[in-house]
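This report concerns the charged side-chain pairs of the structure shown below. The reader may wish to keep the sequence at hand while following the pairs.

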Amino acid sequence: MAKFLIQASYTPEGARGVLKEGASGRGVAVEQVVAGLGGTVEAMYFSFGEDDFVCILDFPDTVSMAAVSLSVKASGALHTRATPLLTLAEIDEAARREVSFRPPGA
């Protein structure tokens, strides 16, 4: 499963929706859309500041995450950022791989 950190902020229209249906209603909506593409919600928290909520989602692949991202952004109700999350073991594996790279100007 591919794991993602989602950071989101509501537009005024989206915030009005949260006021109308509550945080629990949005939690159910997130779980439904994620489950619809074979994923799961690991955690979801509302916050205040630059982001209105954050969540950690697991999807079977990155294309599923991209599909959700496109649909959510097209709604105009919120702005999101999706950051892929990697395990320590995945980074260890990446560090062991041979990479042929020449920096600019070298």
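Is Asp 51 buried or exposed? With a relative accessibility of 12%, Asp 51 counts as buried, where buried means under 20% relative accessible area, exposed means over 50%, and partly exposed lies in between, for a 1.4 Å probe and protein chains only.

## Basis of the model

This is a predicted model, in which local features need pLDDT of at least 70 and side-chain atom pairs count only at pLDDT 80 or more, while totals for chains, interfaces and linings use all residues. Residues are numbered from 1 along each chain as its sequence is written, and side-chain values use heavy atoms, with hydrogens and water left out.

## The pair of Arg 81 and Asp 51

Asp 51 is the salt-bridge partner of Arg 81, with 3.1 Å between the closest N and O atoms; a salt bridge is a side-chain nitrogen of Lys or Arg within 4 Å of a carboxyl oxygen of Asp or Glu. This pair links distant parts of the chain, 30 residues apart: Arg 81 belongs to strand β4 (residues 78-85), and Asp 51 to the loop between β2 (40-46) and β3. Helices (H or I, at least four residues) and strands (E, at least two) are DSSP runs, numbered from the N terminus. Whereas Asp 51 is buried, Arg 81 is partly exposed, its relative accessible area being 36%.

In total, the structure holds five salt bridges. One of them joins Asp 58 to Lys 3, whose closest N and O atoms are 2.9 Å apart. Because Asp 58 lies in strand β3 (residues 53-59) and Lys 3 in strand β1 (residues 2-10), the pair ties together parts that are 55 residues apart in sequence. Asp 58 is buried at 11% relative accessible area, whereas Lys 3 is partly exposed at 27% relative accessibility.

A further salt bridge is formed by the side chains of Arg 97 and Glu 93, at 2.5 Å from N to O. Arg 97 is exposed, with a relative accessible area of 56%; Glu 93, at 36% relative accessibility, counts as partly exposed.

## Ala 66 in helix α2

Ala 66 is placed in helix α2 (residues 62-75). With 37% relative accessibility, Ala 66 counts as partly exposed. From Ala 66 to Glu 50 the separation is 16 residues in sequence and 23 Å in space, C-alpha to C-alpha.
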